[in-house]
Amino acid sequence: MITIEDLKKKQSEPSRLIGLDLGSKRIGVSICDERQSIATPFKTINKTNTNELIDELKEIITEYNIKGIIIGNPINMDGSLGRSAQSVNDVSKNIDKSIDVNVCLWDERLSTVGAFNISSQLDVNVSKREKNIDQNAAAFILQGAIDFLNN
């Protein structure tokens with residue numbers, strides 16, 4: 001895995017990235033455009049095991065010409081790493097070993113809250129908000145990372 005700063009240095013030109021919100025039951029996936037200007041919610045994957053996740057990610061990477069993966073890192077509000085951060089770290093390392101694109105972690109504090117709040121401001125009904133919360137959180141994570149990469 002590399003840092004977001006290293007990803008910024010390595011990119012000779014902007015390319016498509018995917019963002020992941022790794023939950024215990026569902027994984028939100030988002031994709032950005034080739035210019036890395038906007039992250040879009042893509043899909044939610046029901047978590048079964050890491051190998052199936054990796055296979056599905058490989059398909060997405062091939063089909064959409066993805067050059068990097070941004071994974072939300074659930075750091076506690078005080079900056080410490082909890083159980084969920086350790087789990088994300090373990091899965092991220094497996095993804096990094098198995099997929100031949102750059103993988104980096106991005107601080108995802110408040111991403112789910114932010115995604116929920118944005119969808120409420122857009123007047124989306126609650127059941128639809130909850131149904132899409134994982135992929136919206138992934139888009140929130142990816143948008144933060146691409147905003148950093150573009151500055």
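Tyr64 counts as partly exposed, at 25% relative accessibility; buried means under 20% relative accessible area, exposed over 50%, and partly exposed in between (1.4 Å probe, protein chains only). The model is predicted: local features need pLDDT of at least 70, side-chain atom pairs count only at pLDDT 80 or more, and totals for chains, interfaces and linings use all residues. Residues are numbered from 1 along each chain as its sequence is written, and side-chain values use heavy atoms, with hydrogens and water left out.

The whole structure holds two aromatic pairs. Rings of Phe, Tyr and Trp (its six-membered ring) pair if their centres lie within 6.5 Å; planes under 30 degrees apart count as stacked, over 60 as edge-to-face and the rest as tilted. Phe42 and Tyr64 make one of these pairs, with ring centres 5.2 Å apart and planes at 80°, so this pair is edge-to-face. Phe42 belongs to strand S3 and Tyr64 to helix H2, so the contact ties together parts that are 22 residues apart in sequence. Helices (H or I, at least four residues) and strands (E, at least two) are DSSP runs, numbered from the N terminus. Phe42 is partly exposed, with a relative accessible area of 30%.

Phe148 forms an aromatic pair with Trp106. The centres are 5.8 Å apart and the planes make an angle of 55°, a tilted arrangement. Trp106 sits in strand S5 (residues 102-107) and Phe148 in helix H6. This pair links distant parts of the chain, 42 residues apart. Trp106 is buried, with a relative accessible area of 19%. Phe148 is partly exposed, at 29%.

Phe148 also has a charge over its ring. The charged end of Lys8 sits there, 5.1 Å from the ring centre. The rule asks for NZ of Lys or CZ of Arg within 6 Å of the ring centre and within 35 degrees of the ring normal.

## Two salt bridges

How many salt bridges are there? The count comes to two. A salt bridge needs a side-chain nitrogen of Lys or Arg within 4 Å of a carboxyl oxygen of Asp or Glu.

Asp134 and Arg26 form one of them, with the closest N and O atoms 2.6 Å apart. Asp134 lies in helix H6 (residues 133-149) and Arg26 in strand S2 (residues 26-32), so the bridge ties together parts that are 108 residues apart in sequence. Asp134 is buried, at 9% relative accessibility. Arg26 is partly exposed, with a relative accessible area of 36%.

Glu56 and Lys43 also meet through their side chains, at 2.5 Å from N to O. Glu56 is in helix H2 (residues 50-64) and Lys43 in strand S3 (residues 39-46), so this bridge ties together parts that are 13 residues apart in sequence. Glu56 is partly exposed, with a relative accessible area of 24%. Lys43 counts as partly exposed too, at 28%.

## The five-stranded sheet

Five strands form an open sheet with mixed pairing. Their order is S3-S2-S1-S4-S5. S3 and S5 are the edge strands, and each pairs on one side only. From one strand to the next, the twist averages 25°. Two strands pair if DSSP finds at least two bridges between them.

Helices lie across the sheet. H2 lies across S1, S2, S3 and S4 and runs at about 150° to S3. H6 lies across S1, S2, S3, S4 and S5 and runs at about 40° to S2. Axes are lines fitted to C-alpha atoms, for helices over the stretch in contact (heavy atoms within 4.5 Å). Angles run from 0 to 180 degrees between N-to-C directions.

## Strand S1 up close

Which strands pair with S1 in the parallel and the antiparallel sense? Strand S1 (residues 17-22) and strand S4 (residues 68-73) pair in the parallel sense over four bridges. Leu17 stands opposite Gly68 in S4, and Ile18 stands opposite Ile69 in S4. S1 and S2 run antiparallel, joined by five bridges. Leu20 stands opposite Val29 in S2. S1 and S2 form a hairpin, with three residues between them.

Is S1 mostly covered or mostly exposed? S1 is mostly covered: six of its six residues are buried. In a regular strand the side chains alternate between the two faces of the sheet. Leu17, Gly19 and Asp21 point one way from S1. Ile18, Leu20 and Leu22 point the other way, and residues of both groups are buried.
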